[in-house]
Protein chains: 2
Amino acid sequence: MPDFFDKRIAMAHGAGGEATRRLVEGLFQPAFSNPQLDSLSDAAIIDPPAGRLAMTSDSFVVQPLRFPGGSIGELAVNGTVNDLAVSGARPLAMTATFVLEAGLSSEALRWEVTAMAEAARRAGVPIVGGDTKVVEHGKADGMYITTTGLGLVHPHADLGPQRIQTGDRVILSGPIGNHGMAIMLARAELEIEADIESDTRPLCELTARLFDTVGAAVHWMRDATRGGVATVLNELSRDADVRITISEESVPVDDCVRGACELLGLDPLHVANEGQFIAIIAADQAEAALAAMRSTPGGERACFLGEIERGPMSRVIARSAFGGQRIVDMLIGDPLPRIC
Amino acid sequence: MPDFFDKRIAMAHGAGGEATRRLVEGLFQPAFSNPQLDSLSDAAIIDPPAGRLAMTSDSFVVQPLRFPGGSIGELAVNGTVNDLAVSGARPLAMTATFVLEAGLSSEALRWEVTAMAEAARRAGVPIVGGDTKVVEHGKADGMYITTTGLGLVHPHADLGPQRIQTGDRVILSGPIGNHGMAIMLARAELEIEADIESDTRPLCELTARLFDTVGAAVHWMRDATRGGVATVLNELSRDADVRITISEESVPVDDCVRGACELLGLDPLHVANEGQFIAIIAADQAEAALAAMRSTPGGERACFLGEIERGPMSRVIARSAFGGQRIVDMLIGDPLPRIC
């Protein structure tokens, strides 16, 4: 197998000629190797099992490229795997494209390619194709990665805001805010020291477990990435025209994350996550769903967050233990730019 | 339908909150509207017809964003449609993701979104999903677009370098070099004036016509984008371990393109195209294939370029009318950076 020895990425690596071929055959192909990719054709050929397919794409521009608990490459794979997962699908195939800044060290690229290969293995998805473009130094920020996932929808999955009913329970998969705060602290613009790691991870096993256990009683799911849990719930509230009440003290937030949020004046409900999701479950199956999640590795800290009500307003309301309540808004502005 | 009134793109448009929603619902959704996209879920759900699928992704970083004959948005749609086409597939669905530079005028984005919608309509493919990220001013170059296409492979398509046989004919779909030279001249760094337009267009009808007419006699296809016809033929020569001889005078090049190439010292065989492809056809079906292409709109200038031979060397050889011959190499370096 040829190796890729060039020290830095140059414009020629994006030109489609000899240098591109060296990069593809020396770095990408050995790392991601699978039959579809290895054909190095213009498109990967896939023979899908019968059923509905899910397709999703995300671009990743996180800064810094590496941070406690993960890196842009790992995020790019997990983020797309999770968009499939919360759509009720298990991943079948993924593509990855790169926009590289000329001058980027090949080591930095190799690190991310290795992280992607490892994340893809963990999620059980082959990276079947991709593309590389190079722009001049100063026209990107190291690298941007775009991934697209193709998944097979679980036969029992039937999701959408139109399925939401009064009394449905809101389940959250685990503690929130870790990804966003890990990125903030990694930027080192702040004088806060805390041991916070990104929660990036694939969610497809947890969501598959939910469908296997309670099937169509899962009414709606979404991963709480940019904009955090607050934005996800507000979008649902609007799309389904329901009021969502959550219990302030049942929001799981690690102490160090809560402390960092308080110092920065951020509501953990607005902070991005990369390994947590919200599921809306029919009331009579909610206990079974929560039990299934808690007994699955990575779901131990799943919890009930609140429930679906009708009017008088389609808003998200947080109730405190002392009887107070507040409106939880969508994220406005961008307090944590380039979080993913 | 809400409209998008913000004058310029700001970081908040990539934050996933209220501003992102305004951009998506005010600009992307009205332009691309279709049932899968309109659900605004994490993934588009697709019910594919039975058969093999093709999946392909490309990132686009062309500079300038608009040029004679096209723009980055049109290129992003056609480029991916064409990667499906030369894989023997007709497009079923496409996703599009954007990395936008903060400060970009909303008008520039609206122009590209409109161009994409129009190109997608022309190719008959719905844009079913996407993503938007925003990076600080100076961390991108206006915008980068990534598209992924999912296509249904023609039942008669059976393509690959292993299918190449001695005597196969090389067909080229039309004149070459227009895209690359249009971009070079649009950059206005050169003092050359010429009326050259990019050849960007969807190729799916031309390729479908080939399969309908000669079916499995199509042994291999590729669009001659980055690196041009020379790079495509060199890759085939290597992958199939064959010698490819082309006739120098049968290479169709428009006069103004040839003139611009001569001034710049470029071989038109190395210049990128966005609307031309190479097909390798079994000898006994080659005339029928060429006739089918020539009778299809957009294929009138298709021609025989050369043929497949065996050894002594797996190279690409160009023969002149006077009996001379030269080795045609792959593109080395990057004389025309950011061509797509």
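Let's start with symmetry. Chain A superposes on chain B by a rotation of 180° with 0.0 Å of shift along the axis, at an RMSD of 0.0 Å.

Some ground rules. This is a predicted model: local features need pLDDT of at least 70, side-chain atom pairs count only at pLDDT 80 or more, and totals for chains, interfaces and linings use all residues. Side-chain values use heavy atoms, without hydrogens and water, residues are numbered from 1 along each chain as its sequence is written, and chains are lettered from A and ligands numbered from 1 in the order written.

Now the interface. Chain A gives 69 residues to the contact and chain B gives 69 residues; contact means heavy atoms within 4.5 Å. 100% of the interface residues of chain A are also interface residues in chain B, so the copies meet through the same surface. The two chains bury about 5,800 Å² between them, 53% of it on carbon and sulfur atoms. Buried area here is the accessible area (1.4 Å probe) lost on being put together, summed over both parts.

What about charges? The rule finds 14 salt bridges across the interface, each a side-chain nitrogen of Lys or Arg within 4 Å of a carboxyl oxygen of Asp or Glu. B:R21 forms a salt bridge with A:E235, with the closest N and O atoms 3.4 Å apart.

Which elements of chain A touch chain B? Those supplying at least two residues each include α1 (18–32), β2 (53–60), β9 (218–223) and α7 (228–240). The largest share, 7 residues, comes from β2(A). Helices (H or I, at least four residues) and strands (E, at least two) are DSSP runs, numbered from the N terminus.

On to the sheet. An open sheet of 5 strands runs β6(A)-β5(A)-β7(A)-β2(A)-β1(B), with mixed pairing. Pairing needs at least two DSSP bridges between two strands. The edges are β6 (127–135) of chain A and β1 (44–46) of chain B, each pairing on one side only. Neighbouring strands are turned by 20° against each other on average, direction ignored.

Inside that sheet, β5 (89–101) and β7 (143–153) of chain A pair in the antiparallel sense over 11 bridges. A:R90 has A:L152 in β7(A) as its bridge partner. Helix α4 (106–123) of chain A packs on the sheet, touching β5, β6 and β7 of chain A, and its direction makes about 175° with that of β5(A). Axes are lines fitted to C-alpha atoms, for helices over the stretch in contact, with angles from 0 to 180 degrees between N-to-C directions.

Technical notes:
Least-squares fit on C-alpha atoms with pLDDT ≥ 70 in both.
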